[in-house]
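Please read the following note on side-chain contacts alongside the sequence and the model.

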Amino acid sequence: MTSSALPRVRKRALLGMLAALAFSAGMIMTDGGTPEAQAATWPSATGTQAVSSTISISGTKDYGYIRLYGTGDLGSGSQDEDQGPILQLADGATLKNVILGAPAADGVHCLGSCTLQNVWWEDVGEDAATFKGASDDVYTVYGGGAKNASDKVFQHNGGGKLVVSKFAAQNFGTLYRSCGNCSTQYKRTSIFNTIEVTAPGGRLVGINTNYGDTAALRVITIIGDSDRDIVPCQKYIGNSTGAEPTKNGTSADGTYCNYSSSDITYK
C-alpha cells in the first residue's frame with residue numbers, strides 16, 4: 001500500500017513522527033551512501049531527461065539521480081510567476097534521488113503532505129519547491145541542496161509544517177518564505193536543522209508574525225559571509241490582498257524567530 005492510500009489521519013501521524021525525529025536527531029534517510037548536504041557533495045547525474053509538461057507523482061518515485069530539465073512550456077528559464085512545475089506531488093507522495101537541471105521552471109509542487117529525499121536543484125528557476133497543502137499537512141525535506149536561487153528556494157503558500165534537515169544552499173535570495181501576500185493565509189510552522197548555506201544570500205527564513213508563523217533554526221552553518229549580511233530570520237506583516245508585505249524586525253525572540261547565537265556557526 002502506498003502512503004497516499006493510508007487513511008488521512010494515520011498518514012498525518014506518521015509524517016508528523018518522521019518530522020519530529022528528523023528535527024530532534026538531525027537524521028537523514030539515505031539509500032546506502034547517498035551524498036549528504038553537510039558535506040556539500042553534489043551528486044553526478046546518471047542520465048538526462050527533458051520534461052515538456054508537468055509530471056504528476058503519487059506514492060514513491062525514485063529517479064536514481066537522473067537529471068530532469070524543462071523544455072517547451074517549461075523551458076523558458078525565466079523568473080516569471082505562475083510557471084508550471086517540473087514535478088507535482090500528490091498528497092502523501094515521496095520524491096527521491098533526483099537532480100533538477102536548467103531550465104527548472106517552478107521546480108517541485110507539493111499539493112499536500114510530501115517527502116523530498118535527496119532532491120538537488122542545480123539552477124533554481126522561479127522557486128525550488130512550493131508547498132500548497134492544508135493546515136494539518138507536513139512537508140519533509142531530507143538531504144539535497146539548491147544553487148543559484150535568485151529569489152526563493154522554498155515557498156510555503158499553503159498551511160501546515162515544513163521540516164528541513166541536512167540541506168545545502170549556495171547563492172540564494174531567500175531559503176524559505178512563508179507567503180507574504182497569498183489570498184488565503186495560514187499560520188505556518190517551519191523547522192530547519194543541520195543546514196549549510198554559502199554566500200551570497202539574502203535571508204534564511206521570512207515569516208509573517210501577524211499570522212503566528214514560527215521558524216526554528218538549529219545547527220546552521222553559514223559559509224563565506226564575513227560581514228554577516230545574511231539575515232537569519234526576517235519578520236514581516238503579511239496580508240491577503242497581494243500587496244507587498246512590510247518588514248517587522250529581525251531579532252531572535254524565542255517565539256516567531258526561535259534560535260540563539262549558538263545555533264549559527266560562521267565559517
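1. Lys 235 has a relative accessible area of 7% and is therefore buried (buried means under 20%, exposed over 50% and partly exposed in between, with a 1.4 Å probe and protein chains only). Its salt-bridge partner is Asp 253, with the closest N and O atoms 2.9 Å apart (a salt bridge is a side-chain nitrogen of Lys or Arg within 4 Å of a carboxyl oxygen of Asp or Glu). Asp 253 is partly exposed, at 31%.

2. This is a predicted model, in which local features need pLDDT of at least 70, side-chain atom pairs count only at pLDDT 80 or more, and totals for chains, interfaces and linings use all residues. Residues are numbered from 1 along each chain as its sequence is written, and side-chain values use heavy atoms, leaving out hydrogens and water.

3. The structure holds five salt bridges. One of them joins Glu 122 to Arg 67, with the closest N and O atoms 2.8 Å apart. Glu 122 is partly exposed at 26% relative accessibility, and Arg 67 is partly exposed at 24%. Asp 127, Asp 151 and Lys 152 are linked in a salt-bridge network.

4. Arg 218 forms a salt bridge with Asp 263, the closest N and O atoms being 3.8 Å apart. Arg 218 is partly exposed, at 22%, whereas Asp 263 is buried, at 14%.

5. Arg 228 lies over the face of Tyr 266, at 3.9 Å from the ring centre (the criterion is NZ of Lys or CZ of Arg within 6 Å of the ring centre and within 35 degrees of the ring normal). Lys 61 lies over the face of Tyr 63, at 4.9 Å from the ring centre.
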